[in-house]
Amino acid sequence: MKTVAIVLAAGVGSRMRDETPKQFAKVAGKTVVEHTLEVFESHPRVDEVFLMVPPSHSELAGAILGRRRFRKVSKLLQGGETRQESSRIGVEATDPTVEFVLVHDAARPFVDHPTIDRILKGLEEAPAVDTVIPTADTIVELDASSPRFIGKIPDRRLLRRGQTPQGFRREILLQAHRKAVASKVADASDDCGLVLRFGLGRVLVVDGSETNIKITVPPDLYVADRIFQLRRADVLAGQTPESIGATLRGLSGKVVVVLGGSEGIGAECVALAKALGAKVHAFSRSATSTDVRSLPAVQAALDSARRESGRVDVVIMTAGVLRMSPLHRASEEEIREQLETNLLGSFFVAKAAAGLLEESKGSLLLFTSSSYTRGRENYSPYSASKAGIVNLVQALGEEWATAGVRVNAVCPERADTPMRWRNFGKEDKATLLSAKAAAALTLIVAALPLSGQVIDVRKRDEAFLEPFYAGAPLARKAG
Ligand code: CTP
Ligand code: MG
């Protein structure tokens, strides 16, 4: 039995007052609807996605789908005059092999896997599930007969704000829409409302999230841009040890180049990629005199890997320098070394790798740090270069999208690496993220179909990642 997500993208967005409907506006490098589709595409329990679009934009939608990134989108349908109508057309297009239907506003690109998980769990208990959040503001109900005055103020503790997705057993949602047609109800702003109205079953509520906003009025686009900037992809959400094991096994036989591969996270990437059966080429200042501050040196390193192995699938740039000191005490050389190695080096690696990765439809991994969102005292050259790397990744995410090349920034929490020991002295190892776990996540990201993202690796992910660098589920391949 299948789960289908109906993504409603057929509105005109009149409150945005823009000719282009809001779901086709570009935010963080992609149209809003692409961001939304990505979430359903990558959810392991969603089998198919139906996309509802306005007739005026079916060509653009076709072009978006034509890039073949969305393998689960099985139907592109023309929506109706109202949201209710679009939703009805979508559910009528499902067949009886479908057990659950999720209905989602395309204008909510921040829907996440945990929310979808909560809805699917809720459907074990109830035939309809709504996603809601508490209301911070007091909600005031106007007096129907004289709406300049308050009629009543409902108890805030029982009030919630409804979001989407909403989830349904298919036959309940079908019935709700058929009854609505029969009784000429056409003004429903959501689908759970119809189930309630016709008394078709109880509607369970599960927690939504404050960031799952519906882009509705012009300032929402600015807010959305900020949320995308600050949001870091949680690639492990919704994944199972089996799905990650399969992802990593995909690296077997691939050609992986690591710059900065002699110590720390770089060295662990080399070791793990080898264990996974990849052909690995490691370069560093100490071992191969490859200084990422020189474009010719980077180019030569990548070209030699390409010559030897015939292709390059993954490029990992872990070379980085941190020299703690207040800026007024840092020497010119120290400032240069950090900005040039961390930031200029990332630019050079990206530039030199672009052609090779286009050839292989491959993946580039750069490294940032949590200091990118806000400068930190005593390491401004480092944190400023890490902020620049995030900006670079976002730009390349756009520039390389049509070529099918992926680029992401890995953002490890305080990690147990020589760079950290040199700058912070002795710290309690138990509080630091292991370099092995950071490497495992780096290779997972290298193999996943995401791009233009900042991916956190946190201490709390270690337990999940441990079996992969220890090798256990990988060995299961034979069995
Ligand atoms: N929607 C739809 N078909 C319609 C109307 C709306 O698929 N005929 C979709 C919208 O594209 C949006 C979601 O339903 O993703 C929520 O609707 P809303 O935020 O109201 O979007 P619009 O109706 O497009 O905007 P507005 O009400 O400002 O005109
Ligand atoms: Mg509307």
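Analyst: Let's start with ligand 1, which has 19 residues around it; the closest are Gly13, Ser14, Lys22, Ser86 and Lys214. A residue counts as near a molecule or strand if one of its heavy atoms lies within 4 Å of it. Keep in mind that this is a predicted model, where local features need pLDDT of at least 70, side-chain atom pairs count only at pLDDT 80 or more, and totals for chains, interfaces and linings use all residues. Residues are numbered from 1 along each chain as its sequence is written, chains are lettered from A and ligands numbered from 1 in the order in which they are written, and side-chain values use heavy atoms, with hydrogens and water left out.

Sorted by class, the shell around ligand 1 holds six nonpolar, seven polar and six charged residues. Here Ala, Val, Leu, Ile, Met, Phe, Trp, Tyr, Cys and Pro count as nonpolar, Asp, Glu, Lys and Arg as charged, and the others, Gly among them, as polar.

Now for some polar contacts (pairs of N or O atoms within 3.5 Å; within protein, one must be able to donate a hydrogen and the other to accept it, and residues adjacent in sequence count only if both atoms are side-chain atoms). Lys22 puts a polar side-chain atom 2.8 Å from an oxygen atom of ligand 1. A polar backbone atom of Ala10 is 2.9 Å from an oxygen atom of the ligand, and for a backbone N or O atom of Ala106 the distance to a ligand oxygen is 3.2 Å. On its own, ligand 1 has 560 Å² of accessible area, and the protein covers 89% of that. Such areas come from the Shrake-Rupley method with a 1.4 Å probe; for residues, only the protein chains shown count as cover.

Next, a sheet. Seven strands make an open, mixed sheet in the order E5-E4-E1-E6-E10-E7-E11. Helices (H or I, at least four residues) and strands (E, at least two) are DSSP runs, numbered from the N terminus, and two strands pair if DSSP finds at least two bridges between them. At the edges are E5 (73–78) and E11 (203–207), each pairing on one side only. From one strand to the next, the twist averages 25°; axes are lines fitted to C-alpha atoms, for helices over the stretch in contact, and angles run from 0 to 180 degrees between N-to-C directions.

Helix H4 (residues 113–122) packs on this sheet, touching E1, E6, E7, E10 and E11. Contact means heavy atoms within 4.5 Å. Strands E7 (128–134) and E10 (160–169) pair antiparallel over six bridges, with Thr131 opposite Gln163 in E10.

Strand E10 also contains Pro165, and the peptide bond from Thr164 to Pro165 is cis, with omega near 10°. Lys184, in the loop between helices H5 (170–182) and H6 (191–197), has a positive phi of about 55° although it is not a glycine. Both points are worth a look because most residues other than glycine have a negative phi, and most peptide bonds are trans.

Finally, find Ile213, in the loop between E11 and helix H7 (219–230). Ile213 and Phe110 are 103 residues apart in sequence, yet 6.9 Å apart in space, C-alpha to C-alpha. Leaving out residues up to four places away in sequence, Ile213 touches Ala107, Arg108, Pro109, Phe110, Asp220, Val223 and Ile227.
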